[in-house]
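Below is a set of questions and answers on how parts of a predicted model pack against one another. Please read each answer alongside the structure.

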Amino acid sequence: MTYLFLQHYWWLIVSVLGALLVFLLFVQGANSLVFSLGNTPEERRLVVNSTGRKWELTFTTLVTFGGAFFASFPLFYSTSFGGAYWLWMIILFTFVMQAVSYEFQNKLGNILGTRTFQWLLVINGIVGPLLLGGAVATFFDGSNFVVDKMNITDGFQPVISHWANASHGLDALLDPWNLVFGFAVFFLARILGILYIINNVDDDTLRQRCRRHLLYNVVPFLVLFLAFFIRTLFKDGFAYDPATGHIYMHPFKYLDNFIEMWYLTVLFVVGVVLLLYGVIRSYLCESYVRGIWPAGIGVVVVVLSLLLNVGWNNTAYYPSTAELQSSLTILNSSSSMFTLQTMFYVSLLVPFVVAYIAYVWWSMDKKKLTREEIDTDDVY
Amino acid sequence: MSNLLLDITTATIDWSRAQFALTAIYHWLFVPLTLGLAVIMGIVETCYYRTKKRFWKDAAKFWQTLFGINFAMGVATGIILEFEFGTNWSNYSWFVGDIFGAPLAIEGIVAFFMESTFVAVMFFGWKKVSPGFHLASTWLTGLGATISAWWILVANAWMQYPIGQTFNPDTMRFEMTSFVDVALSPFAVSKFTHTVTSAWIIGALFTVGVSCWYLLKNREHKLAVESIKIASIVGLVASLLTALTGDESAYTVAKTQPMKLAAMEALYNGGHDQSLTAVAWVSPFGQADYANEQEPSFKVGVPYALSFLATRDFHGYVPGVNDIIKGYTDHSGQKQPSLKEKIARGQTAIKALQQYRGGDKSPKVRQAVADNIQYFGYGYVKNADQVVPNIPINFWAFRVMVGLGVLFILFFLVVGHVSWRRNIADPKWRWLFITAIVLVPLGYICSESGWIVAELGRQPWTIQDMLPTWAAVSDIGSSSVILTFFIFLALFTTMLVVEINILFKQIRKGMEAPQA
């Protein structure tokens, strides 16, 4: 294994985790619709209990995504989290509130009331996907930071990376294209959430309502996503010379990446087809409840192809708009060969982990959630 | 060029430390109960699996309900800690991320997924999976939490005792050279065993405390008696193991962090034949005058015990704060440089790095980096006060921890005897019931005291001798950190109040009534 192979391998692993995270945002998507899908307290409880059995997976994937980034590309961890402080803090605050909302909302002694915690789920459902989407969009559009490792030898100000303005990441939301992608992810999460509820909850009223809301969310998603995607294909991208590490602007970089890495284009197209198949069939066919699977797999594949596009083929995955040469690439921001190699062996556990998650998911979801279960069983 | 734009102030450093301390202390309110109660409810459910008696199932579900309420808070407060390394300690993240990131990633892949997958089966799977699968899920939830503790403590141990790394001047960071050294460091082993067994004590104290409350109220007799029987054994075994591992932990500290041990003991001037301080007057108001005082007033000690604890020799040499500052020869005969020498060598390392980054990559410069890098962090130090941790806090926290630890051993001996040999449901044990309830919050105080010793004792280092806090921090304005500090304080405190109220209500409701 060469160092270069390991750097590409770890970008693949991080991208897979990122793609799975976007799929698992169905939890947030459905939660953002708690009050739209659930007209009665019982219906809202159905929605909450349905996502409540999966929220830990989303949460864990987010944490593991962060951990994997830390282990494999620590300079990104250092620069993005330390620089875009407020962007990440707001995301984290909403996830903190989400974590207790399930457990607390219907328990005796909840002094804040059920609706408070349901609203916290809604806030996390809106803000989480929106800001995570906005953060990912900066991979294509750049962020305002400077990295200078020489600063470590400065006795007074030894910090190597800093944000070049005082907003500490909130400036990302001033870029309309970041917002476009953020809202695209937000609507995508809602689509996935709806498809998940259709599959997981055995209730005709709720399923009918879900199908209606599917349309409301698919249209804005397609418009926003296509706008961002088409614009990205035709904009200048951030490339680097692998021999010197010099970073430069490259016209149609992301389009070229799709052409040169044709297999990513195939993945992307397959993913889009699967997503559309899952959505359209779920909308048109009332007896079809498995739309979350083709759509979910499609989302994983599409996001994976986008993240690989922005990290492979000599592309700077975390570009700096403040100082181009500070941009992060998989070469200049990765861990050492030894660490990547050690972590390579650890990553061989991932298929085993995925296998037991799939088995448990299947075991738990064989019997769909019903109103009877909400009334009689162990529930939130 | 870019460092002209930086604005690191002492306020940023102090508030970043305060925020990390706040979130870590909150997180550690919930983790020990998760680890401890996991063992108790695993045993209770195993009893159900073996006997198929309805009582054991109801008992398991009762403890699992309390576990769930606490678990949610542990998860909520835990996510922040991982990301704070990036948000508030960005320099640290780069400087040692090559080593430190790996345990965190492994924790996520190996432990968190296990925990989060099987906890859902434990809560909601009673009618969906077989009893065997359910029992396995309950144990795997606890195992996942314990494996998680292992990896985060490996990471923490590396900060206290960095091992298995080398400095790379081309990348300007430390890089891992031996994963085995990092993952199986003696510091990690003693830290893990001490921490996890202490968490079992909390689980046992909580179980006995809740059960005794029922006995005091003359209700839930069977649940209370059977739970006390199980918890007393878990608690006794755990408290004895904690004492044993605590001794090993202190021995490791003595070898690798002598300043921390000196602060724990308020030992200003060391020597041979040192006694272990039982009590002494160390004013909690402000830093001790270590440079001028000979020793704390009213000191009563156990003769030779500190020498034995630190060196396994009753006559062994233990350095005090001033010895460490002036330089000394340790118990193994090795000469330890003075602070002045360490600062000079740290500055040499920094200067050599400047030359190296400036283009002079000659063997001489490389050698200067290699020879002095172990004292790199001292290059940022200006005076002795900066490297002496807060002595009063360490001194008193250590005594609170050890004192309460001894009390718990006695308590579990008594409660074990009464529950297994006598009728503990008899109202004549009222004093024992009240004692058990009082000991629950004391268990938390003991546990938090341990962390205070571990973390404040290594100040000012984020990584021992390599990186002081002021060189590890992110470039964020102090106002931002102050704001997030108070948001966390408000958020976590509100959540804690709600959680405690829910816990009390669930306990009052008891086992017989259907769960909400």
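Q: Are helix 2 of chain B and helix 3 of chain B roughly parallel or roughly antiparallel?
A: In this predicted model, the axes of helix 2 of chain B and helix 3 of chain B come within 11 Å and cross at roughly 160°. Because angles over 145 degrees count as such, helix 2 of chain B is, relative to helix 3 of chain B, roughly antiparallel.

Q: How do the residues of the contact of helix 2 of chain B with helix 3 of chain B divide by class?
A: On the side of helix 2 of chain B the contact includes Gln64(B), Gly68(B) and Phe71(B), while helix 3 of chain B brings, among them, Leu104(B), Val119(B) and Met122(B). Counted by class, the residues of this contact divide into 7 nonpolar, 5 polar and 1 charged.

Q: Which helix of chain B gives the most to the side of chain B that touches chain A?
A: The contact between the chains takes 77 residues from chain B and 73 residues from chain A. Among the elements of chain B that each supply at least two residues to that side are helix 2 (54-87), helix 11 (339-357) and helix 15 (478-509). The most, however, with 25 residues, comes from helix 3 of chain B.

How values were computed:
Residues are numbered from 1 along each chain as its sequence is written. Chains are lettered from A and ligands numbered from 1 in the order in which they are written. This is a predicted model: local features need pLDDT of at least 70, side-chain atom pairs count only at pLDDT 80 or more; totals for chains, interfaces and linings use all residues. Two residues are in contact if their C-beta atoms, placed from the backbone, lie within 7 Å. Helices (H or I, at least four residues) and strands (E, at least two) are DSSP runs, numbered from the N terminus. Axes are lines fitted to C-alpha atoms, for helices over the stretch in contact, and angles run from 0 to 180 degrees between N-to-C directions. Angles under 35 degrees count as roughly parallel, over 145 as roughly antiparallel, 65 to 115 as roughly perpendicular and the rest as oblique. Ala, Val, Leu, Ile, Met, Phe, Trp, Tyr, Cys and Pro count as nonpolar, Asp, Glu, Lys and Arg as charged, and the others, Gly among them, as polar.
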